[in-house]
Amino acid sequence: MRIRTVVALTGALALSLTAGCAKGGGAGSSAHTVSYWLWDANQLPAYQACAKGFEKENPGLNVKITQLGWDDYWTKLTASFIAGTQPDVFTDHIQKFGQFADLKVLEPLDDLGIDASDYQAGLAANWTGQDGHRYGAPKDWDTVALFYNQKMAGDAGLTAQELNSLSWNPKDGGTFEKAIAHLTVDRNGKRGDEPGFDRRHVKVYGLATGGAGDGDGQTTWSNFAASAGWNYTDKKRWGTKYQYDSKTFQSVIKWYFGLAKKGYMAPLTDYSAGANPANAQVAGGKAAAAFDGAWMISTYYGVKGLKVGTAFTPVGPTGKRATMMNGLADSVTKNASNKQGALKWVKYLSSEACQKTVGTYGIVFPATPDSTKAAVAAYKKKGIDVTAFTKPVADKKDFTTFSFPITNYSADVYALMHPAMQDIFGNGKSVSSLDETTDQINLILDQ
Amino acid sequence: MTIASSSPPSRLPLGGAEGARTKPRTDRSRAGENRGDGRLAAVFIAPALLGFLVFLLWPTLRGIYLSFTRYNLLTPPEWVGLDNYVRMVNDPIFWDSLKVTVEYVLINIGVQTVAALAIAVLLQRLTQSALLRGIVLTPYLMANVVAGIVWLWILDTQLGIGNEIISGLGFDRIPFLADDTWAIPTIALINVWRHVGYTALLLFAGLQAIPNDMYEAAKVDGASEWRMFWRITMPLLRPVLAVVLIMTVIGSFQVFDTVAVTTLGGPANATNVLQYYIYGAAFGRFQFGYASAMSVALLVVLSAITFVQYRLTRAGQTDLG
């Protein structure tokens, strides 16, 4: 009798295990539910509001939103593709787009009737794969600008106007380097441009470090490289050769990381994405300024006791200012359990109605020009001037915007560039070492 | 096993309940009793065996198969023969990560074993306090990831409280997790901090098995604590110490989580330990074939090291009695 019980219990346990495994599918989707993932907690309320509007227009459909932090988001998304538990719709990043295209896990969105001219220039085009199909519906956009501590700038005698009219070059760093040096203060109170400055014992760095920048340098070196006339790849999209071996690029990198050697920029050893990103260095009073993206506006302005200003990226050797303009999109997964509902939801997300709703929250710039205006107004209401982020998109005479590199094998490029750039920044390896790394990358792209 | 001979007679009537009831209990044959025990044993072993087959043996065999393929998990694997192994042998990052891992293991196991032994001996010779034994174990109760993050915050170059103290004492700040020479020793010591209590407890259990009269006899002869440690404790603890070493070395070679939350393998590839490199190849770059080949290499390395350790330390024999 007892043994039967044991056998029965073991059997029941085994059954429940297998049943448990089988049950996980579909991420809770059904014909009436559309599952949607995003990573930015700040944006969650805005998209919940959108979901309400969508559900009103589509009775019988409801949207289940899941928010996960950036790192977990991609890990979990990858795992969900493998396990078959992927969301119907997810917020997609251009950096990952190439890999998802390689893996063929996205559903073409050609039938949604996305008209590129409805959105800010360039946003829609980036989400077309090499096969000519559209895989993302434009959602929002961001640019990069200089955040600075107003009090520290004031103490250094730098006005907002001066900070907005800086220029730089890879030889002597121009007025930008002078300003950053002047914002730097060592432990004896000497500024970076004063005689007797102790670069080994810096109390406040002029510029925070955002790490070595991997292969894109979005919030670190990218604006300098682009304003010197450099591009990541040989073609605007789906290039087949990376150009990290360019002499122009290498001279920019040498100068940029050189700021740390001079003591004006926090060294790589001060940076850890987990504990001490650029915004934490500014918030902690360890750095006077930092390049960061528009998605960080609320974070910088939200720090208690810190008065923040923003300024344009400096004018480069090309005579223009440059800033990366990146846009997120919503993608539908190929094996979505509710594909029809998913397509409807994406159509709604990219519509003026939802974009305007998101804009009024003043947390992100939605992709259509009108909803961008709504966002600018919402920021203004909070007392935040976002000109440093919006003007580069509107003013093509003085500004260049460029996109994240979009190529195949983006994960391999990252795996090679991440340590290579750290080696240069942290260990003082020569920039010419990038020649070899570039060869390795281009060899992979040639496959 | 003495259960069969000492347990009270009990009928184990699998599928034979009718017959069992009609036969007198004393009339039962020995063979029947053994067969019953075998079945009972099988039932008790079954869950563990099932787990072993499903979660260990099958994945291992499949991993070995996948190491000969090109596989991205989403499309069927494609047989490529020895390609992944050829690539591995020619991959400088693989060899570098193996070197980094060995460096980590040497520091981690070296410090941990000495510290754990010291704690265990102190626990045995100085105190009977269960509270102290409990305190020693507390870091082990914390998840590895949590321990990693807490230490990352404490040791941050600019904002960490650890570096604030160092700087307050007038020393230069130390980039514990951000400098290529400091990073591996720091991660190794974070894991020593977390695991030393557990290791000490294992060794402490081994010490409890050493008869106390040996120490009493030695004391009567006027031996010092130092001499007793080397002449009594160490020789008699050897089998336990050997098993603990084998277990901790295997665990140490598989370091992953602390790296994943503190340094992400950086700066440059300074902390790119093998498991982290394998993880990146598999889940970052979707090269499951190559990742499997490196996993097989790790399996071979660990098997070899365990075999050598087992032989060198005579872990299967005791000098007691």
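# Reading a helix, a sheet and an interface

Student: How does the span of helix H14 (residues 369–381) of chain A agree with its 13 residues?

Tutor: At 1.5 Å a residue, the 13 residues of H14(A) should span 18 Å, and the end C-alpha atoms are 19 Å apart, which agrees. The expected span is 1.5 Å times one less than the number of residues, and helices (H or I, at least four residues) and strands (E, at least two) are DSSP runs, numbered from the N terminus. This is a predicted model, in which local features need pLDDT of at least 70 and side-chain atom pairs count only at pLDDT 80 or more, while totals for chains, interfaces and linings use all residues. Residues are numbered from 1 along each chain as its sequence is written, and chains are lettered from A and ligands numbered from 1 in the order in which they are written.

Student: Which residues of H14(A) are buried, and which are exposed?

Tutor: An α-helix has 3.6 residues a turn, so residues three or four places apart point the same way. A residue is buried if 20 or more other C-beta atoms lie within 10 Å of its own, exposed if 12 or fewer, and partly exposed in between, with C-beta atoms placed from the backbone. In H14(A) the buried residues are Ser371(A), Thr372(A), Ala374(A), Ala375(A) and Tyr379(A). They cover an arc of only 155° around the axis (taken from the directions from the helix axis to the C-beta atoms), which puts them on the same side of H14(A). Ala377(A), Lys380(A) and Lys381(A), on the other side of H14(A), are exposed.

Student: What do the buried residues of H14(A) pack against?

Tutor: They pack against helix H13 (352–360) and strand S12 (365–366) of chain A, where two residues are in contact if their C-beta atoms, placed from the backbone, lie within 7 Å. Just after H14(A), Gly383(A) takes a positive phi of about 85°.

Student: In what order do the strands of the open sheet in chain A lie?

Tutor: Strands of a sheet pair through backbone hydrogen bonds, either parallel or antiparallel; here two strands pair if DSSP finds at least two bridges between them. The open sheet has six strands in the order S2-S1-S3-S11-S4-S12 (chain A), with mixed pairing. Strand S2 (62–67) and S12 of chain A are the edge strands, each pairing on one side only. Strand S1 (residues 33–38) and strand S3 (residues 89–92) of chain A run parallel and are joined by two bridges, and Tyr36(A) has Val89(A) in S3(A) as its bridge partner.

Student: How does S11(A) pair with S3(A) and with S4(A), and is S11(A) buried or exposed?

Tutor: S11(A) pairs with S3(A) in the antiparallel sense over four bridges, and Phe90(A) has Ser331(A) in S11(A) as its bridge partner. S4(A) and S11(A) also pair in the antiparallel sense, over five bridges, and there the bridge partner of Trp141(A) is Gly327(A). Seven of the seven residues of S11(A) are buried, so this strand is largely enclosed by the rest of the structure.

Student: How many residues of chain A are in contact with chain B?

Tutor: On chain A, 31 residues are in contact with 32 residues of chain B. H16(A) gives the most to the side of chain A that touches chain B, with eight residues. By class, that side has 16 nonpolar, eleven polar and four charged residues, where Ala, Val, Leu, Ile, Met, Phe, Trp, Tyr, Cys and Pro count as nonpolar, Asp, Glu, Lys and Arg as charged, and the others, Gly among them, as polar.
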